[in-house]
Amino acid sequence: MTTVLLEPQELQDKIDSEKVVLIDTRNPEQFAAGHIPGAVNIHDIFTFLAASTPEGIAELKGKFARVFGDAGLSGEETAVVYEDSMNSGFGQSCRGYFLLSYLGYPKVSILHGGFQAWQAAGLEETTEVMTPTAAEFPLDHGADDLMVDKHDVLKAIDNDDIVLLDVRDVDEWVGTSSSPYGKDFSSRKGRLPGARWLEWYRLMKPGAVPVFKSSEEVLADCASVGINKDSNVYIYCFKGARASNTLVALKAAGIDNVKLYFGSWNEWAEDEALPIETGLPYAC
């Protein structure tokens with residue numbers, strides 16, 4: 001069984017002993033300034049905006065099967081995804097983890113703490129760019145149930161057995177901003193009706209190198225919004241990155257029945273037929 005969160009020395013040991021494809025999700029400028037030797041830069045993991053329509057899902061699968069194949073993933077290698085730090089990249093390494101898992105890739109891990117943790121451990125970095133040997137990516141549709149679409153979410157609004165979990169920043173949750181890209185980036189501000197809120201930052205320990213909280217601490221935070229190990233949770237943010245970060249934290253804490261609404265607010269807000277809740281949350 002693949003370990004999801006790898007500490008820096010664990011990653012170095014894995015690089016030394018088996019086939020690993022390192023995927024750096026940072027922007028090209030950060031990658032050029034220094035990265036883990038052998039890493040491939042795929043910033044599209046973060047920037048790609050997906051729709052949960054059949055056409056949107058087909059586009060997502062086709063694009064990333066090509067991208068990950070070009071990076072050298074054939075199914076034999078362990079894919080290890082990293083960003084700069086767990087709380088500064090909007091969950092982009094976890095978005096990469098989710099995408100690979102959704103595409104059915106068998107061995108995927110995340111560098112816990114990101115590139116900053118790698119540097120803090122004093123491990124090697126380089127500016128040399130490696131050209132990977134392309135492979136045939138083993139696309140597998142068997143993991144499709146990891147993702148829910150807007151129709152699943154619409155049905156969940158009136159289902160007390162499903163928790164809709166909003167993990168966006170506080171200004172998005174209270175409806176003063178529509179996105180991290182600007183207050184009016186989306187046409188509507190607000191949240192899913194009946195959603196609960198657990199800001200994604202809350203599941204990480206601040207420090208020189210931010211990392212996820214312990215399982216017990218994550219479970220305590222989740223309990224404060226009525227989520228436990230038996231809960232059925234649909235997570236959303238703006239485009240599935242911060243939600244992926246939260247999904248990884250919840251699953252690591254033993255909350256297994258977690259699905260991601262990858263289209264998130266970026267998709268939901270633009271469909272005027274879909275209901276939203278506006279005004280201050282929990283207002284009397």
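User: How many salt bridges does the structure hold?

Analyst: There are 14 salt bridges in the predicted model. One of them joins the side chains of K61 and D144, with 2.8 Å from N to O.

User: Where do K61 and D144 lie?

Analyst: K61 is in helix 4 (residues 54-70), and D144 is in the loop between helix 6 (114-120) and strand 6 (147-148), so the pair ties together parts that are 83 residues apart in sequence.

User: And is K61 buried or exposed?

Analyst: K61 is buried, at a relative accessible area of 8%.

User: What about D169, which residue does D169 form a salt bridge with?

Analyst: D169 pairs with R242, and their closest N and O atoms are 3.2 Å apart. D169 sits in the loop between strand 7 (163-166) and helix 8 (170-173), while R242 belongs to helix 10 (residues 241-252), so this pair ties together parts that are 73 residues apart in sequence. A network of salt bridges links D169, E172 and R242.

User: Why does R242 count as buried?

Analyst: Because the relative accessible area of R242 is 2%, and the cut-off for buried is under 20%. D169 is buried as well, with 15%.

User: How far apart are the closest N and O atoms of K213 and D221?

Analyst: They are 2.7 Å apart, in a salt bridge. K213 is partly exposed at 23% relative accessibility, whereas D221 is buried at 10%.

User: Switching to helices. At what angle do the axes of helix 4 and helix 5 cross?

Analyst: At roughly 100°, and the axes come within 10 Å. The two helices, helix 4 and helix 5, are therefore roughly perpendicular to each other.

User: Which residues meet there?

Analyst: From helix 4 there are I57, L60, K61, F64 and F68, and from helix 5 there are L99, L100 and Y102. The residues of this contact between helix 4 and helix 5 split into 7 nonpolar, no polar and 1 charged. K61 is on that list, and K61 is also the salt-bridge partner of D144.

User: OK, rings. How many aromatic pairs?

Analyst: The count comes to 15 aromatic pairs. Among them, F98 and Y102 have ring centres 6.0 Å apart and planes at 10°, so that pair is stacked. Both residues lie in helix 5, 4 residues apart, which is about one turn of the helix. F98 is buried at 3% relative accessibility, and Y102 is buried at 4%.

User: Are Y261 and W268 stacked or edge-to-face?

Analyst: Y261 and W268 are edge-to-face, with 6.2 Å centre to centre and 80° between the planes. Y261 is buried at 1% relative accessibility, and W268 is buried at 0%.

User: Which residues do ring pairs link into a cluster?

Analyst: F48, F64, F68, Y105 and F137. Of these, F64 and F68 also take part in the contact of helix 4 with helix 5.

User: Last topic, backbone. What is phi of F90?

Analyst: Phi of F90 is near 55°, a positive value in a residue other than glycine. Most residues other than glycine have a negative phi. F90 lies in the loop between strand 4 (78-82) and helix 5 (92-102), and F90 is partly exposed at 27% relative accessibility.

User: And where is S264 found?

Analyst: S264 is in helix 11 (residues 264-268). S264 also has a positive phi, about 50°, although it is not a glycine. At 0% relative accessibility, S264 is buried.

Terms used:
Residues numbered from 1 in each chain as written. Predicted model: local features only at pLDDT ≥ 70, side-chain atom pairs only at ≥ 80, totals over all residues. Heavy atoms only, no water. Buried < 20%, exposed > 50% of the residue type's maximum accessible area, 1.4 Å probe, protein only. Salt bridge = Lys/Arg side-chain N within 4 Å of Asp/Glu carboxyl O. Axes fitted to C-alpha atoms, helices over the stretch in contact; angles between N-to-C directions. Parallel < 35°, antiparallel > 145°, perpendicular 65-115°, else oblique. Contact = heavy atoms within 4.5 Å. Nonpolar A, V, L, I, M, F, W, Y, C, P; charged D, E, K, R; others polar. Phe/Tyr/Trp six-rings, centres within 6.5 Å; stacked < 30°, edge-to-face > 60°.
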